[in-house]
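Hi,

Here is the structure I promised to send over.

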Amino acid sequence: MRGTGVESPPQPASAAEPAPAREVRFWRLAEWLAGTPEAGVVAAVVVIVAVLTAVNPSFVSVDNLQTMGRDLGQFGILAVGESFPMLTGGIDLSPGSITAFSGVFAAWLNVNAHVPAPLVIVIVLLVAASIGLVHGLFVTRLDVPPFVITLVTLVTGQGAALAITHGLPIDNIDPLFNGFVITNVLGFPPPTLLFALICVAVWFFLERTYLGRQLYAVGGNREAARLAGIRSNRRIVLAYVVSATSAGVVGMLVLGRLNVGEPGVAVGWELTAIAAAVIGGVSLFGGSGRVVGVAFGAILLEVINNGLIILHVSPYYQQIVLGAVLAIAITLDRLRARRLARRR
Amino acid sequence: MSAGVAVRLAGVEKSYGPVRVLNVPDLELLEGQVVGLVGENGAGKSTLMGILAGTVAADAGEVEIRGVRLSDGQPDHAQQLGVAMVSQEFPLVDKLSVAENLFLNRRPAGAGPLFDRRLVERGAEALLRDLGVRIPVHRLVETLQVPQRQMIELAKALGRDPRVLVLDEPTSALGPVESDVVIRVARDKAARGSCVLFVGHRLDEVRRVADRVLVLRNGELVADLTPAEATEVRLIREMVGRELEQQAAEPPPARDPRTVLEVHGLTAEGLGPIDLRAGAGEIVGVAGLMGSGRSRLLRVLMGAQARLAGEVRLRDRPYAPRDTAEAIAAGVGMVPEDRKLQSLLVDAPVRWNLSLAVLPRLARRTLGLLTPRDDRALAGRLVRDFGVRCRTPEQAIGTLSGGNQQRAVFARWFATEPGLLLLDEPTRGIDVGAKAEIYRLVEEAAARGMAVVVVSSELEELMLLCHRIVVMARGRITGELARGDWSKERIMTAAAGTSMAS
């Protein structure tokens, strides 16, 4: 009893007529923007700088720019480092803590153990790197969620900073540290230059070496990467080492800036770093994001922070603004992802 | 006989953007029938099923389930009306037991408001017994293999006692024996008055199970056939809209007598001991049921799973890769079973996916640096040579069709110029038209002198492609058949695990 007439009507000649050129152009632009999340951040930076300058010209005074540049050196380097674990699909909650620890550890080595400054830098960076190595090994060998193992360091790192100093700042450190931070080169603060240098190096590594490509692959699909002959575990370990080492670098920048080993610094900085990376288009699921975006994400946060001060907004509101910016960035990111998924 | 109408679709249309993916002016499905539905990927099968199950809202038209109009896009309403669907994905809760999954959204008969483990497990056992599968009901779902999960999905759907049962390629992950169970269940359900919509890739199976076969092409129902009319040739013609040329009955003979792969007493967890040999230009098929160790064998050879003992020689050199990187360096490549999970960087450009396995080699001349020029040149060459249809190599590979994705995966491995190519279900989820091109690639690999080991659940595929077929059961090789010496029956006998004289 097959009483249903199923015939094949003539095929409609679909997709034959050309769409209006304007629409095509619009979609091409939309597609480019969707594939280039960095564009939005750069635009936001430009707009906000323009507005702030219009409201208060002292925002772009050399003095203020140099202050922002020094801040940026700190947040920016943390953010770029943080983006490595995030690219592999993980997260690192320890950078703030490692920053604090490295600073006081360096001060302690220098002042209490009389280790010369250059050697201090080497030792501290090695220690920071090995903390990252431990994170990486826990994540890859023991399958500990990155969130958990780096949380352990978040807590113990701050504790170690307090233990070394017994809660009191360490002063009389080698003037080399402070000198590096305050001696401007052609008007540029060295931390800013260091940040720029690191950005270029990281860009080169991620986009122009096969190890960088493999890092993205591991974040995009760990199993596929493994079956394609990529030693996924090593790439993941590398990511945590990079993140922890950059926190070590920032620790010494902070030490130089304050000119004392202060245990209570950098609390919560890991969240700023994560926020900058996310705002810059690094996916929380791993596998995508570029250093340009992260750099501008950090710049955006710094510009907003500094702008609020210039506008005499109470510091108590700053965190709310930071949270709001992050919320907007995440929302836009998900909308973009959904649009991409729909076109598929 | 209007009482017998289980499903009626009238003027149902669905478009995504400018593309109309489904247009069914009028269709009735009767109770007590198994209706087969076939069509190429993208023909609109999933959309049609989604509309029946309420997960997809139609743009126009109406759907009636046993005389009641289905509210658009409401899965719970469809369920209430008695529609149950078994899909290719398994929405099972990994951390719960088999029994708990089976009773996820309902209580066993006679249970109070409290969770009664005994009653649930007993109910689950009864459901699985009806299916004739033995899976301990207290096991966590995450510990189960894909075919077992498929059976649990089926049991879950049957547990709701559906009046309309939609089976979406229910056998694609199953071996012949389990497939027979599914077919029996479908027939059984129909005999008891339900309507079963059986969507399938394997045409012989659809013909065997169905009382009526519908063919979808470009969203339109183009044929409505009796099983007698639905010959394989006819079905394929209706699906692709053109006659598919007949495959060469014989693969080109393996002319190169050199042995590429030699395996002696290889054991790994759940595998072995295995003895195997493959020569240059030879295509060796591996048949066997799910869980027989077929994929495991390939994974061990690829260095993706640890081996326990045994000796493997590759091109006359000892071969014992500790990881996949060493395997690739030694000249081995593998196209894994699950394209999305094991092969693709779905959101990354086609270019990245193509060069993934050759990155170190691509960058060797330049001290680890990846020059954009070399990278693009490689991608462009592979896209051209392998006929990967894409707008640009920069587009995300997830936007391509299954067949094109698979071509890209083949290109990735050909680019490493392996001596041994391992293929695990190379045509899974690929439509009929594109399959022929994948076969051509496999033959091409052999023609270039690679030894090819191909695992497949489709016996026809192996019998078409291979020079030689080995059959596995319970981790061992239980039979070896040369071309001209095999029949489905002999392969199945060996796959069942009873020893045979080869």
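One term before the strands come up: two strands count as paired if DSSP finds at least two bridges between them. Also bear in mind that this is a predicted model.

Let's start with strand 11 of chain B, which covers residues 259-268 and runs antiparallel to strand 12, residues 271-279, with six bridges joining the two. One of the residue pairings here is B:Glu262 with B:Arg277, its bridge partner in strand 12 of chain B. These two strands make a hairpin with two residues between them. If you zoom in on the turn, you'll find B:Gly270 with a positive phi of about 75°.

Strand 11 of chain B also pairs with strand 14 (residues 307-314) of chain B, again in the antiparallel sense and over six bridges. There, B:His264 stands opposite B:Glu311 of strand 14.

**Chain A: helix 2**

Over in chain A, helix 2 takes in residues 38-55. Its 18 residues reach 26 Å from first C-alpha to last, close to the 26 Å expected at 1.5 Å a residue.

Which residues of this helix are buried? In helix 2 of chain A they are A:Glu38, A:Gly40, A:Val41, A:Ala44 and A:Leu52. Looking down the helix axis, those buried residues fall within an arc of 155°, so they line one face of helix 2 of chain A. As a reminder, an α-helix has 3.6 residues a turn, so residues three or four places apart point the same way. Turned away from the buried side of helix 2 of chain A are the exposed residues A:Ala43, A:Val46, A:Val47, A:Ala50 and A:Ala54.

Why does A:Phe75 count as buried? Because it has 22 other C-beta atoms within 10 Å, and the cut-off for buried is 20 or more. Beyond its neighbours within four places in sequence, A:Phe75 is in contact with A:Thr272, A:Ala273, A:Ala276, A:Ala298, A:Leu301 and A:Glu302. A:Phe75 and A:Ala295 are 220 residues apart in sequence, yet 9.5 Å apart in space, C-alpha to C-alpha.

A:Met68 is buried as well, with 20 other C-beta atoms within 10 Å. Setting aside neighbours within four places in sequence, A:Met68 is in contact with A:Glu302 and A:Asn306. The C-alpha atoms of A:Met68 and A:Asn306 are 7.1 Å apart, with 238 residues separating the two in sequence.

Cheers

Terms used
Residues numbered from 1 in each chain as written. Chains lettered and ligands numbered in written order. Predicted model: local features only at pLDDT ≥ 70, side-chain atom pairs only at ≥ 80, totals over all residues. Helix = DSSP H or I, 4+ residues; strand = E, 2+ residues; numbered from the N terminus. Buried ≥ 20, exposed ≤ 12 C-beta atoms within 10 Å, placed from the backbone. Contact = placed C-beta atoms within 7 Å. Expected span 1.5 Å × (residues − 1). Arc of directions from axis to C-beta.
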